[in-house]
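Try each one before you read its solution.

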Amino acid sequence: MPFPSYTVQMIPLALGAVFSWLGLFTPRTELAFLVISSVFVVVAYLHWALVVIERFCEFLGINCLSIRPRKHREKTQ
């Protein structure tokens, strides 16, 4: 799988550039846009991180953040 040259996290960047070019930002709308964009990017990143962790665990055949209990072995002397 090639490295992605586009991610969904670039949408706020493109929208901000277009809005700025069109002169649609006031100080209040720019602040609102930045807050909404930040929340969107954080949620998108967390989703991506969870997908990667799930794929690693599926490949390795393990459950995430769980430790199997040890099997008790009797000591022979």
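**Exercise 1.** Are α1 and α2 roughly parallel or roughly antiparallel to each other?

*Solution.* Before we start, a word on the model: it is predicted, so local features need pLDDT of at least 70 and side-chain atom pairs count only at pLDDT 80 or more, while totals for chains, interfaces and linings use all residues. Residues are numbered from 1 along each chain as its sequence is written, and side-chain values use heavy atoms, with hydrogens and water left out.

Step 1: find the helices. α1 covers residues 11–22 and α2 covers residues 27–60. (Helices are DSSP runs of H or I with at least four residues, strands are E runs of at least two, and both are numbered from the N terminus.)

Step 2: get the angle. The two helices pack at about 165 degrees, and their axes lie 10 Å apart. (Axes are lines fitted to C-alpha atoms, for helices over the stretch in contact, and angles run from 0 to 180 degrees between N-to-C directions.)

Step 3: name the arrangement. Angles under 35 degrees count as roughly parallel, over 145 as roughly antiparallel, 65 to 115 as roughly perpendicular and the rest as oblique. So α1 and α2 are roughly antiparallel to each other.

**Exercise 2.** Which residues make the contact of α1 with α2?

*Solution.* Step 1: list both sides. α1 brings P12, L15, G16 and F19, and α2 answers with F33, S37, F40 and V41. (Contact means heavy atoms within 4.5 Å.)

Step 1: sort them by class. Six are nonpolar, two are polar and none is charged. (Ala, Val, Leu, Ile, Met, Phe, Trp, Tyr, Cys and Pro count as nonpolar, Asp, Glu, Lys and Arg as charged, and the others, Gly among them, as polar.)

**Exercise 3.** How many helices and strands does the protein chain have, and over what distances does its C-alpha trace span?

*Solution.* Step 1: count. There are two helices and zero strands.

Step 1: size it up. Along the principal axes, the C-alpha trace spans about 85 × 30 × 15 Å.

Step 2: check for burial. Of the 77 residues, 9% count as buried. (Buried means under 20% relative accessible area, exposed over 50%, partly exposed in between, using a 1.4 Å probe and protein chains only.)

**Exercise 4.** Where are I11, T7 and C64 found?

*Solution.* Step 1: I11 is in helix α1. I11 has 34% relative accessibility, so it counts as partly exposed. I11 and V41 are 30 residues apart in sequence, with C-alpha atoms 9.1 Å apart.

Step 1: T7 is in the segment before α1. At 30% relative accessibility, T7 counts as partly exposed.

Step 2: C64 is in the segment after α2. Leaving aside neighbours within four places in sequence, C64 touches I53 and C57.
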